[in-house]
Amino acid sequence: MKSELEHYRYKVFVETLGWDLPSQDGRETDQFDHDDTYYVIARDGEGRINGCARLLPTDRQYLLGEIFPQLMAGQAPPRHHEIWELSRFTSMDLHDNRNTLEDTFRLLRKAIATAATLGARRIISVSPVGIERLLRQGGFSTERAGPPMRVNGHLLYACWIDVPAQLEPISALPARLWRMLGVRGTAALRGQIAGAA
């Protein structure tokens, strides 16, 4: 499972988007992929990965805190067990490009709901600035933690995402959405949970 995810991330972030990320043998992974990391993975009808998100508690080492603290505009990066980081988020379908904007929103909602079940009250993320409009379009409650900055040629910003007090129950989602699997480290969480098709 983890190897498959690393290959998918390499194809999305390194090959397609051209990000300069640590990789080896066609796999993208870094120091934040470890046993305390949670992943939300979306699969298509053939069982192939077509979306993912990484969740890290901020009371341990995480991407923004270690690599991009300058995006916090002079404030200390958050360090609290109720604040989680969302990173390596994508809903790119590498096979037939069938994912829609609603699939992207659905995956993000599932990632937020998963973080909430892990105790998150708020989420922080490093994102390209173009994501800000997408989040607003999807109805997510967000705010900037600081002004955008150009880092390695990319205009990035730190983004707060609120975790709603009331989340849509998984049982209320359509049966066709029951194709996402949450994974912690290399071990699957119990059962299947709802997510993007």
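Does Asn152 count as buried, partly exposed or exposed, and what is its relative accessibility? In this predicted model, Asn152 counts as exposed because its relative accessibility is 74%, and the cut-off for that class is over 50%. Asn152 sits in the loop between strand S8 (149-151) and S9. Its phi is positive, about 50 degrees, although Asn152 is not a glycine.

The overall make-up of the protein comes next. The protein holds four helices and eleven strands. Of its 197 residues, 47% are buried. Contacts with a separation of 6 or more were also examined. Residues 24 or more positions apart account for 62% of them.

The largest nonpolar core has 21 residues. Within this core, Leu55, Leu86, Ile112 and Ile123 touch the most other members. Five elements each supply at least two residues: strand S3 (38-43), strand S4 (49-57), strand S5 (83-90), helix H3 (101-117) and strand S9 (154-162). H3 gives the most, with six residues. Neighbours within four places in sequence are left aside here. Leu86 is then in contact with Ala53, Arg54, Leu55, Leu108, Ala111, Ile123, Ile124, Ser125, Val126 and Ile161. A second core is separate and has 16 residues. Phe32, Tyr62, Leu71 and Ala145 are among them.

Helix H3 was then considered on its own. H3 has 17 residues, so at 1.5 Å a residue it should span 24 Å. Its end C-alpha atoms are 25 Å apart, which agrees. The helix is mostly covered, with twelve of its 17 residues buried. The buried residues are Asp103, Thr104, Phe105, Arg106, Leu107, Leu108, Lys110, Ala111, Ile112, Ala113, Thr114 and Ala115. The buried residues of H3 pack against S3, S4, S5, S6, helix H4 (131-137) and S9. Gly119 follows the helix. Its phi is positive, near 105 degrees.

The largest pocket has a volume of about 900 Å³. It is lined by 36 residues. Phe13, Trp19, Arg88, Val126 and Pro128 are the closest to its centre. Helix H1 (2-16), helix H2 (63-67), S5, H3, S6, H4 and S9 each supply at least two lining residues. S5 contributes the largest share, five residues.

Arg88, one of the residues closest to the pocket centre, belongs to strand S5. Its relative accessible area is 9%. Arg88 is therefore buried, as the cut-off is under 20%. The backbone of Arg88 has a positive phi near 50 degrees, in a residue other than glycine.

Strand S6 (residues 122-128) includes Ser127. Ser127 counts as buried because its relative accessibility is 8%. The side chains of Ser127 and Ser125 are joined by a polar contact of 3.4 Å. With neighbours within four places in sequence left aside, Ser127 is in contact with Leu155, Leu156 and Tyr157.

Beyond its neighbours within four places in sequence, Asp162 is in contact with Arg122 and Ser141. Both pairs have polar contacts between side chains. The one between Asp162 and Arg122 is 3.3 Å. The one between Asp162 and Ser141 is 2.7 Å. Asp162 and Ser141 lie 21 residues apart along the chain. Their C-alpha atoms are separated by 5.5 Å.

Key. Residues are numbered from 1 along each chain as its sequence is written. This is a predicted model: local features need pLDDT of at least 70, side-chain atom pairs count only at pLDDT 80 or more; totals for chains, interfaces and linings use all residues. Side-chain values use heavy atoms; hydrogens and water are left out. Buried means under 20% relative accessible area, exposed over 50%, partly exposed in between (1.4 Å probe, protein chains only). A polar contact is a pair of N or O atoms within 3.5 Å; within protein, one must be able to donate a hydrogen and the other to accept it, and residues adjacent in sequence count only if both atoms are side-chain atoms. Contact means heavy atoms within 4.5 Å. A nonpolar core is a set of buried Ala, Val, Leu, Ile, Met, Phe, Trp, Tyr and Cys residues joined through side-chain atoms within 4.5 Å. The expected span of a helix is 1.5 Å times one less than its number of residues. On a 1 Å grid over the protein atoms alone, a cavity is a set of points where a 1.4 Å probe fits but cannot get out, and a pocket is an open set with protein on both sides within 12 Å along at least five of seven lines; lining residues have an atom within 4 Å of a point. Grid points are joined across faces, edges and corners, and a volume is the space filled by probe spheres set on the points.
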